[in-house]
Amino acid sequence: MEGKDEDVRVGANRFTERQPIGTSAQTDDAIKDYKEAPPAPIFEALELRLWSFWRAGIAEFMASFLFLYVTMMTVMGVSQSRNKCSTVGTQGIAWAFGGMIFALVYCTAGISGGHINPAVSFAMFLARKLSLIRALYYILMQCLGAICGAAMVKCFQKSQYEMLGGGANVVANGYTRVDSLGAEILGTFILVYTVFSATDAKRHARDSHVPILAPLPIGFAVFLVHLATLPITGTGINPARSLGAAIIYNRDHAWDDQWIFCVGPLVGAALAALYHQIVLRAIPFKSRI
């Protein structure tokens, strides 16, 4: 009977070599050693004295600039082609957005966190992973980078840019503003939820391969969301991307529904932050356990 009781206590964890990678059987020590990081202060004036703070913003600017340049050039190439078979098509546009996010997150994650999106920075602030001053600084630099990236596209293809809508996000014919707002909220929720899951510090402690692979699911989430929402709104899910294109294109119809591409992503980001931090990680309740 004693042997049977031992089997019950040990259970599936008895043969740890048969456990899949990342299960608790293999990583009990790593999880025990893991400690939840303290929340970032709302306002941290000392950050302004650090070069790492300023270079992080520069990295966000450059990433947003390159992101807008490559993706808008892809959109222009598809839009101006009379024969869609001669271009990368809708799938190519989605790959351009997702692929650039994958590459840029990989390049900048160690410097700024690789947000490249005000919605992500806003969600990180709500989760107390960023101070308010850093979040606002990131958002400012992301928007400036997006504006410069869209301006670069216009410099290279001025006539086509004006004629083809400049890659600005608008509500497509056949869809209402409610439809578009819902698409932006859900699309951003998917993206930000993936960001939180892929960069979760507890998962990093448990699965050593997670930090290396983090940019891949984030880029893939962007790709999938674009496939789903390109026909509805042209896919915003990034207020800097939408604002940059609207400012440089600067036509009335590009501004008519611009609020959708600001409010939608911010709401989706907030919901994803709350879901991950409160429901999945139960962080507000851990001090009570």
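This is a predicted model: local features need pLDDT of at least 70, side-chain atom pairs count only at pLDDT 80 or more; totals for chains, interfaces and linings use all residues.
User: How do you know how many disulfides the structure holds?

Analyst: The structure holds zero disulfides. For Cys143, the closest cysteine sulfur is that of Cys262, again 8.6 Å away and too far for a bond.

User: Why is Cys143 called buried?

Analyst: Its relative accessibility is 15%, and the term applies under 20%; Cys143 therefore counts as buried.

User: What makes Cys262 partly exposed?

Analyst: Cys262 has a relative accessibility of 37%. Buried means under 20% and exposed means over 50%, so Cys262 falls in between and counts as partly exposed.

User: What share of the protein chain counts as buried?

Analyst: Of its 289 residues, 44% count as buried. The chain exposes about 15,100 Å², and carbon and sulfur atoms supply 64% of that area.

User: Which secondary structure elements does the protein chain have?

Analyst: The chain has 15 helices and zero strands.

User: What makes up the lining of the second largest pocket, by class?

Analyst: The lining has 13 nonpolar, nine polar and two charged residues. The pocket has a volume of about 500 Å³. Among its 24 lining residues, Val75, Ser79, Ala168, Leu230 and Gly234 are the closest to the centre. The elements giving two or more residues to this lining are α3 (51–79), α4 (89–108) and α11 (215–233).

Key:
Residues are numbered from 1 along each chain as its sequence is written. Side-chain values use heavy atoms; hydrogens and water are left out. On a 1 Å grid over the protein atoms alone, a cavity is a set of points where a 1.4 Å probe fits but cannot get out, and a pocket is an open set with protein on both sides within 12 Å along at least five of seven lines; lining residues have an atom within 4 Å of a point. Grid points are joined across faces, edges and corners, and a volume is the space filled by probe spheres set on the points. Helices (H or I, at least four residues) and strands (E, at least two) are DSSP runs, numbered from the N terminus. Ala, Val, Leu, Ile, Met, Phe, Trp, Tyr, Cys and Pro count as nonpolar, Asp, Glu, Lys and Arg as charged, and the others, Gly among them, as polar. Buried means under 20% relative accessible area, exposed over 50%, partly exposed in between (1.4 Å probe, protein chains only). Accessible areas come from the Shrake-Rupley method with a 1.4 Å probe; for residues, only the protein chains shown count as cover. A disulfide is a pair of cysteine sulfur atoms within 2.5 Å.
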